[in-house]
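Thanks for coming. I have one structure to go through today, so please look at the screen.

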Amino acid sequence: MHFRSCCALVVLLVVSSAAAAAPTAYSSNEGSGTVSVIDTATDRIGATLTLGGKPRGIAIAPDGRRLYISDQAANGLVVVDLATRAAPLRVKLGDSPEGIYVSSDGRWLSAAIEENNQVLIVDTSTLAVVKRITMKGKNPEHAVWSPDGKWLYVSAEEADSVDIVDVAQAAVVKSITVGERPRGIAFLPDGSRAYVAAEHANTVSVIDTRTQEVVARIKAGVRSNGIAVRPDGRRVYVSTGGDGTVQVIDTASNAIIATIPVGKRPWNMALTPDGRKLYVACGRSNAVAVVDTQTNAKVAEIPVGELPWGVAIR
């Protein structure tokens with residue numbers, strides 16, 4: 001084989017390997033009862049999973065084998081085997097499930113159940129509900145695990161506080177005032193801080209998780225909602241449903257350093273594992289916006305199903 005041909009083959013293999021290794025993004029589309037499967041290497045739809053109902057919360061097992069979706073219409077959890085994408089398993093949860101999250105070790109799944117004012121903990125090995133925890137805030141929407149799995153921080157639509165659940169006790173041990181209608185929550189990778197968006201207050205509160213107190217309040221855009229943290233912990237992203245933007249927070253200063261137009265009613269978001277791209281569910285655009293986090297610019301808009309609610313990436 002000639003040297004030039006050999007080099008071309010090596011380049012081709014490297015490119016093919018990189019493309020094969022690219023993560024996959026999944027968008028839950030509550031208006032069309034589907035999940036859009038997005039190739040993050042090309043930012044194109046590779047498949048559409050038809051689930052029916054009203055898919056909202058979405059999460060992926062740490063080992064990448066299962067996709068979990070809450071179905072608000074069926075009051076249940078949908079579990080998809082990502083290797084086969086065969087007929088999914090369905091598990092009853094409660095009345096109007098919303099956000100779902102998997103613990104970092106993959107053993108447990110949390111589900112916020114709006115109309116029951118509860119958070120459920122599901123054993124992912126058996127898919128059995130093992131704990132039902134009553135919240136102080138009404139209509140809980142997100143129940144997010146701390147990185148060490150010891151705490152759940154829970155937001156609720158009819159509240160001005162975040163409920164903190166001690167997982168071992170299976171009980172709310174404290175409520176922290178953050179502003180009217182808390183929404184998205186995310187932790188820094190080391191678990192030292194939690195960032196909470198308050199939709200009606202147009203703020204992001206920063207909570208010191210050791211003292212469980214608010215240490216900063218950041219003025220954000222109109223109807224601040226989703227929160228995502230870059231894997232290196234240096235940037236936090238907040239979607240603003242009223243402004244149609246994503247704002248970028250520098251975690252060293254807690255200052256907003258960029259505002260990025262993305263689409264209509266941006267909602268929940270997820271980052272690629274390397275932190276280089278942010279995928280934003282834009283509900284009224286029926287699209288997922290893609291943000292380059294190095295340039296803080298929107299680089300793509302991917303048409304998906306109707307009313308995308310959230311994004312998960314693995």
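**An aromatic pair and a sheet**

Tyrosine 153 and phenylalanine 187 are both buried. Keep in mind that this is a predicted model.

How many aromatic pairs does a search of the whole structure find? The search finds one. In that pair, the ring centres of tyrosine 153 and phenylalanine 187 lie 4.9 Å apart. Their planes stand at 70°, and planes over 60 degrees apart count as edge-to-face, so that is what we call this pair.

At tryptophan 267, the charged end of arginine 265 sits over the ring, 4.1 Å from the ring's centre.

Now the sheet. Four strands form an open sheet in the order S3-S2-S1-S28, and the pairing is antiparallel. Which strands stand at the edges? They are S3, residues 44-50, and S28, residues 308-313. Each has a single partner strand, so one side of each has no neighbour in the sheet. On average, neighbouring strands here are turned by 25° against each other, ignoring direction.

Last, the pairing of S1 with S2. Strand S1 covers residues 24-29 and strand S2 covers residues 34-39. The two run antiparallel and are joined by six bridges. Within this pairing, serine 27 stands opposite serine 36 in S2.

Terms used: Residues numbered from 1 in each chain as written. Predicted model: local features only at pLDDT ≥ 70, side-chain atom pairs only at ≥ 80, totals over all residues. Heavy atoms only, no water. Pairing = 2+ DSSP bridges. Axes fitted to C-alpha atoms, helices over the stretch in contact; angles between N-to-C directions. Phe/Tyr/Trp six-rings, centres within 6.5 Å; stacked < 30°, edge-to-face > 60°. Buried < 20%, exposed > 50% of the residue type's maximum accessible area, 1.4 Å probe, protein only. Lys NZ or Arg CZ within 6 Å of the ring centre and 35° of its normal.
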